[in-house]
Amino acid sequence: DGRGVVRDLMVGPDGTQNIACFCWRGEYYIDYMKKALSAYAEVLKPSRFWLDDDVRATNHMPNKYGCFCDNCIAKFNDTYGSAFTREELVSAINYGDPIWRERFVEFGRRGLYDFVYSVTKAILAVSPDTAMGYEFGHFSSYCGGDVSYVFDAMRDAGAKHIHSRPGAGNYNDKAPYGQFEKAFDLARENVITPDYVESMDAELENLPGVLYGKSIGGIINESILDLAVGCNGITLTDVQSMHEPIGYYERIFSALSEARPYFERLSEVSLRGYRGGACIYQSKNPFATEPNENEAPFAWAERYIAEKDIPFTRLGIPLCFEDRAPSSYILKSGFVDAMSDAEIENLLSKPVLTDADSVAKIISRGFGEYFGTYPIRTKESGFERFTDDEINGSSAGMFYDENPYASTPMPHYIFDGLSEKDRVLGVLQRSPI
């Protein structure tokens, strides 16, 4: 604060201060950032000014969640007419009336909105033609199901052009299939990006910058995948620590130059078109689950909101997150907990691929009239035999058995009330004989 006093440090739910991260509501921090960023912008007049994905409320270790400083607690209480201590607020948003979690999520979104709005205003005041962009990954519902509040702040502050840089790791070629998993993360991040964002430039990072950490073919293929799932631009961090011989970078650039015409065509198609296939259903408010005292604090924020079901792609089933013209929907049990009645009713009017646990949860919510059968979980073990239904094709009569030493076996259900209209694809047998 100019007097050698460190102020505005982020505080975690247990009271731990983060000496390397600041609270986005801190007046000294906001003032410093406005001055620092506007100083750069005034001199450089950048074409684009990117805010890093560190503009977030989570994953600032040792604080996985923030901010719970005295200033934030006081402002929360002032906003909602409450009188919580830090400990009481943490308990309320995890185990109390659901309204407090809803309010806390909105409070976090509003605080980050105000911070981004302030710094964007400062940048545009000295460089009005600079476009604004946000680099982000979205892996938590701690601040809701999207990051629109960041882009909204840039727009409302007067940015003429706004860009997105979605990312999701995959820093090397150690696990080649990781680029497919990343592509699905980017597909979801693109779907939750507001329509007014002009470009979605995939972030490709090669870390650590060691000799051949990511192959040239891996870079090209990852670029193609990211453009195919909805991005219409590519940003690369290929040259970082110069561990490779300079000639290797020349080979990277040459390959990118050769692939660029295809990149540009794919980018245009990606921008004008949309993805189809089986849509992985996403809860609109993934944080809105009923409090559960048996869950760890903030488990509601940790439910992975993008269960990608990538194994379906290995069966030749195309997957998407875009809800424009899907052939069907895939619904996972974890998402049912956060669905409203209106969401459930709407989804039940469409073709849905789901599991017995999801059906049981939906029926327990009062939608039994939509189903002619009821799944009952059984502790009986056994083998699943594929029936002679034509869907099973050449697999009819074969057995499916999960080795408990290699994986956690899936729960078994018995369906009660089956009718002639129901098609049974698998039956449970005690023995394969």
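Phe 107 has a relative accessibility of 9% and therefore counts as buried (buried means under 20% relative accessible area, exposed over 50%, partly exposed in between, with a 1.4 Å probe and protein chains only). The model is predicted, so local features need pLDDT of at least 70 and side-chain atom pairs count only at pLDDT 80 or more, while totals for chains, interfaces and linings use all residues. Residues are numbered from 1 along each chain as its sequence is written, and side-chain values use heavy atoms, with hydrogens and water left out.

**Aromatic rings**

Rings of Phe, Tyr and Trp (its six-membered ring) pair if their centres lie within 6.5 Å; planes under 30 degrees apart count as stacked, over 60 as edge-to-face and the rest as tilted. By this rule the count comes to 23 aromatic pairs. Two of them are set out here.

| Pair | Centre to centre | Angle between planes | Class |
|---|---|---|---|
| Phe 76 and Phe 107 | 5.3 Å | 90 degrees | edge-to-face |
| Phe 104 and Tyr 142 | 5.7 Å | 75 degrees | edge-to-face |

Phe 76 belongs to helix H2 (residues 70-80) and Phe 107 to helix H4 (residues 98-126), so this pair ties together parts that are 31 residues apart in sequence. Helices (H or I, at least four residues) and strands (E, at least two) are DSSP runs, numbered from the N terminus. Phe 104 is in helix H4, whereas Tyr 142 is in the loop between strand E6 (131-136) and helix H5 (148-156), so their pair ties together parts that are 38 residues apart in sequence. Phe 76 is buried at 1% relative accessibility, Phe 104 is buried at 6%, and Tyr 142 is buried at 2%.

Arg 25 lies over the face of Phe 107, at 3.5 Å from the ring centre; a charge sits over a ring if NZ of Lys or CZ of Arg is within 6 Å of the ring centre and within 35 degrees of the ring normal. Arg 103 lies over the face of Trp 100, at 4.8 Å from the ring centre.

**Packing around helix H4**

Helix H1 (residues 27-44) packs with H4 at an angle of about 30 degrees, and their axes are 8 Å apart. Axes are lines fitted to C-alpha atoms, for helices over the stretch in contact, and angles run from 0 to 180 degrees between N-to-C directions. H1 is therefore roughly parallel to H4 (angles under 35 degrees count as roughly parallel, over 145 as roughly antiparallel, 65 to 115 as roughly perpendicular and the rest as oblique). Among the residues that meet here are Ile 30, Met 33 and Leu 37 in H1, and Phe 115, Val 119 and Ile 123 in H4; contact means heavy atoms within 4.5 Å.

The axes of H4 and H5 come within 8 Å and cross at roughly 35 degrees. Their meeting residues include Leu 112 and Val 116 in H4, and Tyr 149 and Ala 153 in H5.

**Backbone details**

Most residues other than glycine have a negative phi, and most peptide bonds are trans. The peptide bond from Met 61 to Pro 62 is cis, with omega near 15 degrees. Another cis peptide bond joins Gly 66 and Cys 67, where omega is about -5 degrees. Asn 59 is not a glycine, yet has a positive phi of about 60 degrees; Asn 59 is partly exposed, with a relative accessible area of 42%.
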